[in-house]
Amino acid sequence: MALLLLTKRGVTMDLLVKGEGRIEWAARRMPVLSAIRHRFAEERPLEGIRLGACLHVTTETANLMLALKDGGAQVALCASNPLSTQDDVALALRESFSIEVHAQRGVDNNTYYRHVRAVASTKPHVTMDDGADLVAALHGETSQWSSEVMAGTEETTTGVNRLRAMAEDGALRYPIIAVNDALTKHMFDNRYGTGQSTIDGILRATNILLAGRVFVVAGYGWCGKGLASRARGMGARVMVVEADPLRALEAAMDGYQVGSMEEAASVGDVFVTVTGNRGVIDTRHFGLMKDGAILANSGHFDVEIDVEALAGVARRSPGVREGVSEYEMPDGRRLYVLGDGRLINLAAAEGHPAEVMDMSFANQALAVEWLVKERPALENRVYGVPLEIDREVARLKMLAMGMRVEELTESQREYMGSWKMGT
């Protein structure tokens with residue numbers, strides 16, 4: 001294959017070199033994962049482990065795959081979204097680092113699931129998911145390849161929700177760690193990563209000015225909090241739509257206008273869904289929106305904006321700008337959907353900055369190591385990330401940032417652990 005690359009059009013070699021360079025660029029901004037990779041290369045804790053991963057194929061993911069490989073794992077990777085693959089990265093992983101990759105940007109659903117099945121066919125011992133598509137396949141149409149799976153990890157809220165539903169139904173066949181629930185994941189990746197990369201994707205796709213616009217955020221979990229904060233920081237007037245009264249109250253106390261999607265539909269200029277649920281924006285709302293309203297999704301699956309329903313009532317004119325589809329309503333209003341309603345931060349940009357994925361993927365690597373050691377004692381359910389792993393990731397990140405963490409004195413530790421010492 002390497003010889004073929006040399007004899008093909010120069011663009012192929014250019015793509016390979018670009019991928020290698022971008023993987024190295026990300027590596028320099030992922031000091032925690034780099035430290036783990038160095039230890040893994042010396043200790044080889046994953047020797048003989050077949051690992052099947054279904055993740056966004058980005059530069060940060062590439063560095064995670066390399067850390068796992070250096071730890072002794074035999075890795076096979078597919079994408080967790082049809083528009084989240086960076087083709088230069090996929091090529092570099094295959095050709096320069098000899099990692100099995102089944103991913104290409106923009107594939108149709110049939111090809112996407114064929115890639116998932118290809119990873120399942122490697123009969124993994126450990127799965128690593130972002131959205132639980134690989135786990136679902138191994139519990140369904142590819143269950144013949146699931147007999148040797150011992151454990152898995154899950155990266156995102158949507159996938160964790162699916163897995164907990166499986167566990168409650170008694171359908172989950174092996175233990176899985178919800179990496180998403182680590183404090184060093186959801187408090188930083190979801191808030192700072194999603195907040196910044198979503199704005200990045202919207203601006204790359206549209207080149208609009210956010211200042212002064214009404215920016216509607218649907219969902220006020222960690223991702224929504226980060227997105228609302230960054231939109232406000234760029235001068236947008238932010239409105240939050242939230243179904244949970246506790247989160248809605250939090251958004252109100254944080255200073256945002258809170259209302260229903262029906263209320264937001266008629267005043268919003270930019271709408272971003274980040275709920276993990278379906279039909280958040282649908283036919284009820286399209287008819288209320290302003291001419292020129294922009295719709296984007298930053299939730300994992302493309303079900304939050306009912307694009308199919310929109311296409312049923314409007315005439316689509318793709319190609320207005322790259323990543324932008326125009327829908328002309330019967331009354332002449334035009335609505336713009338970004339990235340076909342898929343993850344905008346990956347459909348139109350490069351995903352989260354490496355600095356935040358450093359923590360998320362450090363959790364992934366250490367969780368896999370922990371699962372391999374602890375599997376005999378685990379039940380078939382969803383586990384949180386062990387606190388010692390979460391704290392170790394935070395400690396390593398602080399060291400990498402050149403900051404020290406205060407240490408308690410013996411007297412302070414004794415006081416915190418005692419019920420006898422009061423006023």
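The exercises below concern a predicted model.

**Exercise 1. Two packed helices**

Task: Determine how helix H9 and helix H16 are oriented relative to each other, and which residues bring them into contact.

Solution. 
Step 1. Two packed helices are described by the angle between their axes and the distance between the axes.
Step 2. Helix H9 covers residues 183-206 and helix H16 covers residues 354-374; their axes come within 9 Å and cross at roughly 150°.
Step 3. Angles over 145 degrees count as roughly antiparallel, and H9 and H16 are therefore roughly antiparallel to each other.
Step 4. The crossing in which H9 passes H16 is left-handed.
Step 5. On the side of H9, the contact involves Thr184, Lys185, Phe188, Asp189, Tyr192 and Gly193. Their partners in H16 are Val356, Met357, Met359, Ser360 and Asn363.

**Exercise 2. Salt bridges**

Task: State how many salt bridges the model contains, and examine the pairs Asp133 with Arg162 and Arg315 with Glu328.

Solution. 
Step 1. Side chains of opposite charge can pair when their charged atoms come close. A salt bridge is counted when a side-chain nitrogen of Lys or Arg lies within 4 Å of a carboxyl oxygen of Asp or Glu.
Step 2. By this rule, the count is 28 salt bridges.
Step 3. In the pair Asp133 and Arg162, the closest N and O atoms are 2.9 Å apart, and a salt bridge is formed.
Step 4. Asp133 belongs to helix H7 (residues 133-138) and Arg162 to helix H8 (residues 157-168), so this pair ties together parts that are 29 residues apart in sequence.
Step 5. Asp133 has a relative accessible area of 8% and is buried, whereas Arg162, at 30%, is partly exposed.
Step 6. Arg315 and Glu328 also meet through their side chains in a salt bridge, at 2.7 Å from N to O. Arg315 lies in strand E12 (residues 315-321) and Glu328 in strand E13 (residues 324-328), so the parts tied together are 13 residues apart in sequence.
Step 7. Arg315 is exposed at 51% relative accessibility, while Glu328 is partly exposed at 27%.
Step 8. Salt bridges can also form a network: one links Arg22, Asp88, Asp200, Arg204 and Glu350.

**Exercise 3. The surroundings of His300**

Task: Is His300 buried or exposed, and which residues does His300 touch?

Solution. 
Step 1. His300 is located in the loop between strand E11 (294-297) and helix H14 (307-313).
Step 2. Its relative accessible area is 4%. Values under 20% count as buried, and His300 is accordingly buried.
Step 3. Leaving aside residues up to four places away in sequence, His300 touches His56, Ser80, Asn81, Asp130, Gly131, Thr156, Thr158 and Leu343.

**Exercise 4. Positive phi angles**

Task: Where do Arg44 and Ser98 lie, and what are their phi values?

Solution. 
Step 1. Most residues other than glycine have a negative phi.
Step 2. Arg44 is not a glycine, yet has a positive phi of about 50°. Arg44 lies in the loop between helix H3 (31-43) and strand E1 (50-54), and is partly exposed at 34% relative accessible area.
Step 3. Ser98 likewise has a positive phi, near 55°. Ser98 is found in the loop between helix H5 (87-95) and strand E3 (100-102), and is exposed at 61% relative accessibility.

Technical notes: Residues numbered from 1 in each chain as written. Predicted model: local features only at pLDDT ≥ 70, side-chain atom pairs only at ≥ 80, totals over all residues. Heavy atoms only, no water. Axes fitted to C-alpha atoms, helices over the stretch in contact; angles between N-to-C directions. Helix = DSSP H or I, 4+ residues; strand = E, 2+ residues; numbered from the N terminus. Parallel < 35°, antiparallel > 145°, perpendicular 65-115°, else oblique. Left-handed = near helix turned anticlockwise from the far one by under 90°. Contact = heavy atoms within 4.5 Å. Buried < 20%, exposed > 50% of the residue type's maximum accessible area, 1.4 Å probe, protein only.
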